[in-house]
Amino acid sequence: MELRQLRYFVRVAELGSIGRAARDLGVVASALSQQISRLESELATRLLMRTHTGVVPTAAGTAFLRQARLTLRHAEHAVAAAREARLSGMVSVGFAPTTASMLARPFYAAMAERYPNVRLHLVEGLSGNLGEQLNSRRLDLAVLFQNDSGQGRSAIPVLDEKLFLLAPRGVFALPDGEPATIDQLAGLPLAVTSKAHGLRTWVEAAFERAGIEPWVAVEVDGLTTLMDLVQANPIATIQPGAAVARAETGLLNMHPIDDPFLFRRNAVYCINDDELCRPPRWPRASCWWT
């Protein structure tokens, strides 16, 4: 098995087409197909299945894809280790948008000071999506919310965020800054994330404790779009205070929610220690963010 075959397979799986992958890689399609066939023969299993639109990984191919990506990243770091004696390489770290607004700058500053030769790849996205990228080995670390953590991951708690009701002026009866109870939110149209993301679970749990069904007016899986809709329409949302940074000054009222259990826990999650793609000569430690 050659690294070239792994690179070929990963690109074909990502693009869903041998022809597109061949053009992207700069090789002849027939040669690429032949390398994939050799790889399948060596593994004694089918990795790709043809469809009317291209190719998709089989169950075995999906499992192999995760490990192939990890192997290629290890190989890249091994090459860097041979070329550079100092601590170096690249580390991929994921942040949710509101978490990034608080932690990304100090995190980058600390890394630049302590590890100037480590190149950071920062990814911003919803926590649920970051969890999937972590599971598929596209990220080394991610700051996730408790409900989006997945199973079997090492975790270091870093931040608890209190959640607030954010609403355009005049939509909610209370004055700006005055605390609100869940009972007072009954009948208030809300913009929330879909059930695939942890924040929705926290919000629904709070309403369930109060014996109230929330009015979900719209589901939005993107903080920028969600906040744009809230600012332009008579709907509210429940978000951490950092989300106010995505709003124009003076458009929204912000109300602390009187519920001791309505907060969002952020923790650093990483893939298993023996799989972690450390930069060359990175110290052995689970979730090295300390």
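Beyond its neighbours within four places in sequence, Thr193 is in contact (heavy atoms within 4.5 Å) with Leu199, Arg200, Glu219, Val220, Asp221 and Leu226. Thr193 lies in the loop between β7 (189–192) and α7 (198–209). Its relative accessible area is 9%. Thr193 is therefore buried, a term for under 20% relative accessible area with a 1.4 Å probe and protein chains only, against over 50% for exposed and partly exposed in between.

The model is predicted; local features need pLDDT of at least 70, side-chain atom pairs count only at pLDDT 80 or more, and totals for chains, interfaces and linings use all residues. Residues are numbered from 1 along each chain as its sequence is written, and side-chain values use heavy atoms, with hydrogens and water left out.

The chain has 8 helices and 11 strands, taken as DSSP runs (H or I, at least four residues; E, at least two) numbered from the N terminus. Of its 290 residues, 47% are buried. The average pLDDT, the predictor's confidence in each residue from 0 to 100, is 82. Residues 277–290 stay under 50.

Helices α2 (residues 18–25) and α3 (residues 29–43) pack at about 110 degrees, with axes 9 Å apart. Axes are lines fitted to C-alpha atoms over the stretch in contact, and angles run from 0 to 180 degrees between N-to-C directions. The angle makes α2 roughly perpendicular to α3, the class for 65 to 115 degrees. Ile18, Ala21, Ala22 and Leu25 of α2 meet Ala29, Leu32 and Ser33 of α3.

Key. Angles under 35 degrees count as roughly parallel, over 145 as roughly antiparallel, 65 to 115 as roughly perpendicular and the rest as oblique.
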